[in-house]
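Please open the model in your viewer and keep the selection tool ready.

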Amino acid sequence: MSKEAKAEEFKAKANAAYASGNYQSAISLYTDAITLVPSAIYYSNRAACYMKLQLWQKALEDTTQSVQLDSGYIKGKARHVEALIKLGKGDDAVRYAQEVYNAESSTKHHTLLDDAQKCQNLACSDNARFEDHLNAAAISLAREWIEMAANVSQKKTLTYSTEDRHKDEAKEDEVDLANCEITESIHVIREHVTSMYNQLSGDYKFLTTVMLGFRSDPLLMVYYHILLIFLRDFCLIGTRVGMDPYPGQEADDKGNAKPLPDYLGIAGKGLAAIKAKQSVEYKIFTVALLLLSNASPEQVTAAFNQAAQADQSSGTNYGLAKLSAGYAQFLAKKEQGSNFFKNNQHKAAFDAFSAGLTGIIQPALLNADAVKGPLALLFLALRANAAIITSNIGMTLNKMGNNGSALSYLRAASLLDPTYYKAHVRAANIYKDQNMYLECIRECGIAVSINETDTKGCQELAKSCQNGAEKYARPDYYKMLGVSRSIDPSSQEYASAYKKACLKWHPDRHRDPVKKRFAQLKFRKLQEADEVIKNPQKRQVYDAGGNPAAGSAGGGGMSMDMSSMAGMDISKIFSMFSGAMGGRSGNVQFRVHTSGTGGMGVDISQLFRGFM
């Protein structure tokens with residue numbers, strides 16, 4: 001038997017061993033074949049065995065031999081590209097993948113070329129591209145999120161009662177339009193969050209499931225998981241105004257949300273496993289994790305000081321000394337403000353809380369052109385602290401008799417930290433005092449979804465608003481359509497009136513995103529009115545004083561104008577907000593005022609100065 005025939009015999013046995021999953025035996029048999037006849041096919045096949053065993057370097061050595069022996073063997077060259085990608089050798093992978101695609105322009109080879117290009121991007125300069133994406137996301141999210149909270153705090157909440165809005169359509173429209181303004185601002189950032197998540201999760205998945213032989217910087221993996229916490233948290237804000245949940249939220253076969261990974265735990269374990277613990281970035285992420293873990297102020301202060309010292313000695317110029325000093329200022333002024341508040345010195349409390357907020361917001365530092373991603377990550381980690389002191393400012397304004405501004409600050413607090421229970425409870429009580437029944441019920445529902453162990457007070461508060469909500473939340477469908485109560489819905493008169501109203505409020509007639517959102521709300525109300533009037537049973541209920549639309553909020557959420565809550569059982573309303581992402585809510589009403597004066601000579605426009 002010739003050497004060639006004997007080599008082919010070894011190859012056949014090796015192929016059978018490979019097919020049965022016996023890769024070590026296959027390697028031995030392919031080696032026997034190679035010893036007899038060094039062949040591009042034999043080397044390529046043995047490389048496939050090494051890949052199955054995740055021995056990437058050995059696989060690359062064999063695919064290199066295969067390509068050198070026969071550069072026209074496309075299957076071998078494609079496998080060479082796969083090995084190069086696994087080891088993060090992007091430049092060579094792209095060159096060979098282009099050759100493969102030029103020789104055989106198949107979908108499979110086009111995908112291979114795409115993967116090679118991704119590898120080239122992600123593996124360049126020690127994960128530089130992945131780091132760039134992380135930095136860009138952290139900076140953008142921190143700036144947009146804090147700026148949104150700043151804007152909300154300056155838009156004095158309209159305090160028209162539920163009764164006033166029921167009697168005056170102009171007030172109702174004013175509320176709804178301002179309502180849509182804040183919702184649109186959330187929507188814009190929510191869209192950015194989706195793009196960030198898709199980019200970062202795509203990078204991470206490729207690095208961890210495709211480039212398996214490439215050593216990624218473990219600090220970047222910590223960075224990634226901390227950032228996912230913030231992307232997830234912002235999505236919670238979106239779900240409360242009817243937007244899609246976190247894009248990383250998977251569902252089981254029944255459509256129920258699966259538990260999210262413990263991003264905080266993953267990041268903590270990743271950081272603990274890193275041996276080189278002297279880098280400034282390591283110390284920054286340590287501070288972030290302590291803040292997210294609700295560590296004591298003493299622990300956070302110590303970690304902040306260490307990071308600031310390292311930043312100064314290494315010349316990395318993150319600006320940590322300023323932020324560390326700002327955190328110390330926050331702690332001191334928060335305590336001082338609380339003491340003033342307890343002693344009913346509300347103007348002094350306001351000034352102290354404001355100074356504390358300034359310490360951890362620092363727009364000049366965050367908005368600087370030279371700001372770096374890890375520093376922006378710290379601003380995101382400080383949101384919970386900012387929410388606490390912003391909520392304190394809101395309560396101080398309430399004591400100073402300025403409920404419109406107080407509600408704005410409480411809303412800003414709930415936007416900074418959507419899991420901050422106290423901000424919603426405080427807002428609910430003020431809404432109750434202002435006879436804003438639906439808003440009170442909504443805030444109680446959100447509060448219960450955050451803290452399910454402390455529901456009694458919220459339930460009682462919500463129940464106290466139920467009668468007022470039922471009385472005034474029922475819309476006037478006839479007035480809305482401009483028809484008489486005796487109108488025949490099958491008549492031409494009704495058809496003309498409905499068409500006229502629809503033309504006026506059809507969303508496609510409005511280009512401005514806020515006005516389009518407002519038009520969508522008006523259009524849905526018209527459709528609801530049409531459905532009730534054309535349905536004999538629903539119309540009968542409506543004409544008798546009932547509200548056939550009560551409890552009709554679909555998808556487990558709430559309608560934009562919250563009127564669907566009227567007439568519902570409180571426990572059912574609260575169930576709207578339950579679930580992994582906290583459910584949905586309607587929106588707080590805001591109006592821009594040219595003056596930021598909050599009462600007693602306080603200029604509230606200065607608190608977030610730099611973002612406005």
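With which residue does Asp92 form a salt bridge? Select Asp92 and Arg95 in this predicted model: the two form a salt bridge, and their closest N and O atoms are 3.7 Å apart. Both belong to helix H6 (residues 90–103), where they are three residues apart and therefore separated by about one helical turn. Asp92 is partly exposed, at 34% relative accessible area, and Arg95 is also partly exposed, at 43%.

Next, select Glu184 and Arg517. Their side chains meet in a salt bridge, with an N to O distance of 3.0 Å. Glu184 lies in helix H10 (residues 169–209) and Arg517 in helix H26 (residues 513–534), so this pair ties together parts that are 333 residues apart in sequence. Both Glu184 and Arg517 are buried.

Move on to helix H27 (residues 536–543), which holds Arg539 and Asp543, four residues apart, or about one turn of the helix. These residues form a salt bridge whose closest N and O atoms are 3.7 Å apart. Is Arg539 buried or exposed? Arg539 is buried, with a relative accessible area of 13%, whereas Asp543 is partly exposed at 36%.

Now select Arg165, Glu172, Asp176, Glu439 and Lys525 together; a network of salt bridges links them. Across the whole structure, a search finds 21 salt bridges.

Definitions and conventions: Residues are numbered from 1 along each chain as its sequence is written. This is a predicted model: local features need pLDDT of at least 70, side-chain atom pairs count only at pLDDT 80 or more; totals for chains, interfaces and linings use all residues. Side-chain values use heavy atoms; hydrogens and water are left out. A salt bridge is a side-chain nitrogen of Lys or Arg within 4 Å of a carboxyl oxygen of Asp or Glu. Helices (H or I, at least four residues) and strands (E, at least two) are DSSP runs, numbered from the N terminus. Buried means under 20% relative accessible area, exposed over 50%, partly exposed in between (1.4 Å probe, protein chains only).
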